[in-house]
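Here are some notes for a colleague who is opening this model for the first time. Please read them with the structure in view.

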Amino acid sequence: MKLFRRYFFITLYTLSCLVGVANIAAAELPPVFSPDNVAINGYDPVGYFADGQPVKGNKDYSVVWRGTTWHFASEANRDQFEMNPAAYAPQYGGYCAYAMSRGYTATTAPEAWRIVDDKLYLNYSLNVREIWSQDIPGNIKKADRNWPDVLKK
């Protein structure tokens, strides 16, 4: 009985340490832009890649990642996201890529998007996306330098 209790408490201690490390790691990640705590205004991040267009997600197929709820159009898309969320989540936490390149944050519109080098970028509007598109590599380089420090301003 003493041996069982000893292993039980060692296991419990180990699990609490792992949860603590996971919470610290999550706290160090920059936040995701999520009005009403739903990323991309409820659009399916996998849909941009799989369907080549914005696809409205369904709250029945949702997952919480980085403290934010993500909606998906199907169970398959949700499962795909869960296997590698960083591959599908928009860059800069879903904030406008053009604004980020200029050193500030702005909201995004799900229809103002572009995939570049297998990464999803969102913009404030279709007009802003056109401006951003005039120098995509340069704007990405500038935004990468600003992210995530811009959130501290």
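1. In these notes, contact means heavy atoms within 4.5 Å. The model is predicted, so that local features need pLDDT of at least 70 and side-chain atom pairs count only at pLDDT 80 or more, while totals for chains, interfaces and linings use all residues. Residues are numbered from 1 along each chain as its sequence is written, and side-chain values use heavy atoms, with hydrogens and water left out.

2. The protein chain has 7 helices and 4 strands, where helices (H or I, at least four residues) and strands (E, at least two) are DSSP runs numbered from the N terminus. Their order from the N terminus is α-α-β-β-α-α-α-β-β-α-α. Of the 153 residues in the chain, 41% are buried, a term that stands for under 20% relative accessible area (1.4 Å probe, protein chains only).

3. Asp44 sits in the loop between α1 (2–28) and α2 (45–50). Setting aside neighbours within four places in sequence, Asp44 is in contact with residues including Val55, Lys56, His71, Phe72 and Asn77. A polar atom of the Asp44 side chain lies 2.8 Å from the backbone nitrogen of Val46.

4. Strand β3 (residues 109–116) runs antiparallel to β4 and is joined to it by 5 bridges; two strands pair if DSSP finds at least two bridges between them. Ala109 has Asn123 of β4 as its bridge partner. The two strands β3 and β4 form a hairpin with 2 residues between them, and Asp117 in the turn has a positive phi of about 50°. In β4 (residues 119–123), 4 of the 5 residues are buried.

Key: Buried < 20%, exposed > 50% of the residue type's maximum accessible area, 1.4 Å probe, protein only. Polar contact = N/O pair within 3.5 Å; in protein donor to acceptor, adjacent residues only side chain to side chain.
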